[in-house]
Amino acid sequence: MCTAHTGNWELCGQVAGAIGLPLVSVARPRENPWLQRHIIENRERMGQKIVAKRGAVRDLSRALREGKFLGLL
């Protein structure tokens, strides 16, 4: 899944997780630790796995080998 950074892309990730698609998404960490924790918890609660933008290639390669879907904006 690849989409522009417009529209309700958060909903796409939530729906994918809710219907059981093993989705791994890339996200840039926020500077505010409270906000970062809140965003990650909400995304992962719905079934997504979030990886940090820095060093994401290794995690994404592993996810593909495991048959998971990738979420990229």
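## Helix α3

Helix α3 covers residues 56–65, and its buried residues are A56, L60 and A63. Buried means under 20% relative accessible area, exposed over 50% and partly exposed in between, with a 1.4 Å probe and protein chains only. The three residues lie on the same side of α3, because they cover an arc of only 60° around the axis. That arc is taken from the directions from the helix axis to the C-beta atoms. The face turned away from the buried side carries the exposed residues V57, R58 and R65.

The buried residues of α3 pack against three strands: β1 (23–27), β2 (49–52) and β3 (69–71). Contact means heavy atoms within 4.5 Å. Just after α3, G67 takes a positive phi of about 80°.

## Basis of the model

This is a predicted model, in which local features need pLDDT of at least 70, side-chain atom pairs count only at pLDDT 80 or more, and totals for chains, interfaces and linings use all residues. Residues are numbered from 1 along each chain as its sequence is written, and side-chain values use heavy atoms, with hydrogens and water left out.

## Fold and dimensions

The protein chain has three helices and three strands. Their order along the sequence is α-β-α-β-α-β. Helices (H or I, at least four residues) and strands (E, at least two) are DSSP runs, numbered from the N terminus.

Along its principal axes, the C-alpha trace spans about 35 × 25 × 25 Å. Of the contacts between residues at least 6 apart in sequence, 70% join residues at least 24 apart.

## A buried arginine

R43 sits in helix α2 (residues 33–45). Its relative accessibility is 11%, so R43 counts as buried. Leaving aside neighbours within four places in sequence, R43 is in contact with W9, E10, A27, Q48 and I50.

## Surface and charge

Buried residues make up 25% of the 73 residues. The accessible surface of the protein chain is about 5200 Å², and 58% of it belongs to carbon and sulfur atoms. Areas come from the Shrake-Rupley method with a 1.4 Å probe; for residues, only the protein chains shown count as cover.

The chain has 12 positive and 6 negative charges, and their mean positions are 4 Å apart. Lys and Arg count as positive and Asp and Glu as negative, while His and the chain ends are not counted. Each charge is placed at NZ of Lys, CZ of Arg, CG of Asp or CD of Glu.
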